[in-house]
Amino acid sequence: MINTLLKYVVSFALIFICLTIGNWIQHLLGVAIPGSIFGMLLLFALLASGFAPVDWVRPGAHLFIRYMMLLFVPISVGLMNHFDMLLSNAWAILASAIGGSALVMVTLGLILDRFLNADSKRINVKADIKADTKSVKGKA
């Protein structure tokens, strides 16, 4: 019981420390990027580098994901309070959502096509090398 509670405390502490540092970075730089984005990047860097093991973050992350829908309720209420502003900017929001999605899909398609073609060329070269070595062995 105490061990499980300690895991949750460590997990939430690490997540909130990264969030606090991210907010501090955002305030220090004075940019329009939210501090939570900087915090997520910091948490990702800690996890990717191995400074913070995934097991330290897993309990709190599972709890956040489990109750994620409840976390969106305040945002939804805020959107409804400013519905007139949302409606007046509907075309810009719709255009940016469709345009951004299209841009991501096209870019991802081009990159994936390039990697797959490079991989298939590499496989064809290996097959040609094997065929050449078999023909050389057959002649010897």
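What share of the contacts in the protein with a separation of 6 or more comes from residues 24 or more positions apart? I looked this up to start my notebook, and the figure is 54%. A contact here means heavy atoms within 4.5 Å.

**Ground rules.** I am working with a predicted model, where local features need pLDDT of at least 70, side-chain atom pairs count only at pLDDT 80 or more, and totals for chains, interfaces and linings use all residues. Residues are numbered from 1 along each chain as its sequence is written, and side-chain values use heavy atoms, with hydrogens and water left out.

**The whole protein.** I found 7 helices and 0 strands, so the pattern along the sequence reads α-α-α-α-α-α-α, with helices (H or I, at least four residues) and strands (E, at least two) taken as DSSP runs numbered from the N terminus. Of the 140 residues, 9% count as buried. Buried means under 20% relative accessible area, exposed over 50%, and partly exposed in between (1.4 Å probe, protein chains only). The protein exposes about 11700 Å², and carbon and sulfur atoms supply 74% of that. These areas come from the Shrake-Rupley method with a 1.4 Å probe; for residues, only the protein chains shown count as cover.

**Helix α3.** I went to residues 54-66 next, which form α3. This helix has 13 residues and reaches 18 Å from its first C-alpha to its last, close to the 18 Å expected at 1.5 Å a residue. The expected span is 1.5 Å times one less than the number of residues. I also noted a kink of about 30° centred on G60; the bend is the angle between axes fitted to the seven residues ending there and the seven starting there. V57, P59 and G60 are buried in α3, and their cover includes α1 (2-29) and α2 (35-49).

**I65 and its patch.** Is I65 buried or exposed? I65 counts as exposed because its relative accessibility is 55%. I65 belongs to a nonpolar surface patch of about 1100 Å² accessible area together, whose members include M68, F72 and L79. Helices α4 (68-71), α5 (73-81) and α6 (83-88) each supply at least two residues of the patch. Patch residues have over 30% relative accessible area and no salt bridge, with nonpolar side chains (Val, Leu, Ile, Met, Phe, Trp, Tyr) joined within 5 Å and like charges within 9 Å. A salt bridge is a side-chain nitrogen of Lys or Arg within 4 Å of a carboxyl oxygen of Asp or Glu.

**I17.** My last stop was I17 in helix α1, which is partly exposed at 48% relative accessible area. I17 and L43 sit 26 residues apart in sequence and 9.2 Å apart in space, C-alpha to C-alpha.
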